[in-house]
Amino acid sequence: MDDKDSICSSSIEDPQPNCSVCSDDRDIGLHYGIPSCFGCKAFFRRTVRERKTYVCSKDGRCVVDKKCRNQCRACRYEMCIRKGMLLTEVREDRKPEKVKRGRKAVQTTYDTPSPANPVFPQMSTTPGVPNFINFLSSIDQSLEHLYDPAFDNITVADVEKLNDMYGRHVSLEEGLQKPDLVCPRTKFRWDCERVFNTLDVTFVWYRGFVAIADWTNGFPQFRQLSLADKAQLFRLNFLSSSFMFFLQYSALEVGFAMGNGAYIPHDAQELRKNGLCGNQLVDTVTYRYKTEIFPPLINLDIDQRELGVLKAILFFNGDASLSAEAQRTCDSIVSSIIEAWFEYQKLRFPDMSTIQLVKRQSQILLVIPKIMHVWQSEHDVYLMYTVFHGMNLDGIPMELINNRGLKAVVK
């Protein structure tokens, strides 16, 4: 274990721990998941709360120590993220004072809620795991705690009420700037309690958009892109990445969880009992997910962190329709993810050879074209639902559907 890992994993009871971000040895406490000084704690909290965006004039090569930490805020924030500061903790720190009495409330570590009988092992930020993988996990965890208290236990009645609240007049660009105009941030419920209906499918679109918008804003690189590039990335990759988001928390032996207590069942008898045999969404789309996509992921023993990795690769899979700067950003993010992912594989499978790890990683990446291919079928199904089944996907969902997620090719 290298020096930085030993610092990040040191106990707060150590006699004189240094700040994991700037190495200062004064006023050290456990802030947002890591030992850090009061100055870095305040800086990180202020940056996250106010959604500040910084740009480094030296391409991210600045020194971050107790003497130079105030010279480049962009590099200081990147160091906070790399060392493991959790976005989740900042959002929890926003609670009213009566809820967070004492320092222990700020030091709480959150685990992602587990669906019933999950197929994929659960994730949490862990010392020893590559920093970028921990970073992805922290963003995923933060979404579980970012919700409107008015919708902390969503019911069937709430789903019906939400159908009249969706921002169907909001444009994609406006929705990216103000996601809560599209749909209230309901607290996700990953239980498979009832079989889905049309309103649940509508919920997945609008609530899924808000979730992916919040998720992407956790990436400093994404926040620095132009609004046009942000919108184009959503047109290209929203559906595949949002599918992966919901997949992360589904109990696949039961069905595909929709985040509100509803699910799409896989069991044929359950489908017949609920009159879903012959349902185009089930027969055309979810059946292909079940037979073409789920088996290789399960057989390769993929866990929730790796599903998060796959989600990020899917979303930042840019093309020539983006600006040159955005293409470079996407390439850099994907490259960093794949490199960190390979190191994470070494931790999970220490007995595998390098060749075996490369083969496993390649087999998982081969699932991406299958997901994109299924999306072509899904496009027609959703259009049919809007025409013949009364599903209202006006606004952002219809804009994303009409773009079909197809890659533009510029020669």
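Two residues are in contact when they have heavy atoms within 4.5 Å of each other. Among contacts in this protein between residues at least 6 apart in sequence, 70% join residues at least 24 apart.

Some housekeeping. This is a predicted model, where local features need pLDDT of at least 70, side-chain atom pairs count only at pLDDT 80 or more, and totals for chains, interfaces and linings use all residues. Residues are numbered from 1 along each chain as its sequence is written, and side-chain values use heavy atoms, with hydrogens and water left out.

The protein has 17 helices and five strands. Both are DSSP runs numbered from the N terminus: helices are H or I with at least four residues, strands are E with at least two. Of the 411 residues, 53% count as buried. Buried means under 20% relative accessible area, exposed means over 50%, and partly exposed is in between, with a 1.4 Å probe and protein chains only.

Now to α14, residues 324-348. For the 25 residues of α14 that gives 36 Å, and the end C-alpha atoms are 36 Å apart, so the two agree.

Which residues of α14 are buried? Among them are Ala 326, Cys 330, Ile 333, Ala 340 and Tyr 344. The cover over the buried residues of α14 includes α5, α9, α10, α13 and α15.

Take α13 next. The axes of α13 and α14 come within 10 Å and cross at roughly 165°. Axes here are lines fitted to C-alpha atoms, for helices over the stretch in contact, and angles run from 0 to 180 degrees between N-to-C directions. The two helices are therefore roughly antiparallel. The cut-offs are under 35 degrees for roughly parallel, over 145 for roughly antiparallel, 65 to 115 for roughly perpendicular, and oblique for the rest. The crossing of α13 and α14 is left-handed. Left-handed means that the near helix is turned anticlockwise from the far one by less than a right angle; right-handed means clockwise. The contact includes Val 309 and Ile 313 of α13, and Ile 337 and Trp 341 of α14. Its residues divide into eight nonpolar, one polar and three charged. Nonpolar covers Ala, Val, Leu, Ile, Met, Phe, Trp, Tyr, Cys and Pro; charged covers Asp, Glu, Lys and Arg; the others, Gly among them, are polar.

On to α15. The axes of α14 and α15 come within 10 Å and cross at roughly 125°. That makes α14 oblique to α15. This crossing is right-handed. Trp 341 and Phe 342 of α14 take part in the contact, as do Leu 357 and Ile 364 of α15. Here the residues divide into seven nonpolar, three polar and three charged.

Between α13 and α14 there is a loop, and Gly 318 sits in it. Is Gly 318 buried, exposed or partly exposed? Gly 318 is partly exposed, because its relative accessibility is 30%. Leaving out residues up to four places away in sequence, Gly 318 touches Leu 233 and Cys 330. Gly 318 and Cys 330 are 12 residues apart in sequence and 6.0 Å apart in space, C-alpha to C-alpha.

Most residues other than glycine have a negative phi. Ser 23 has a positive phi of about 70°, and Asp 27 has one near 55°. Ser 23 is partly exposed at 42%, whereas Asp 27 is exposed at 65%.

How values were computed
The expected span of a helix is 1.5 Å times one less than its number of residues.
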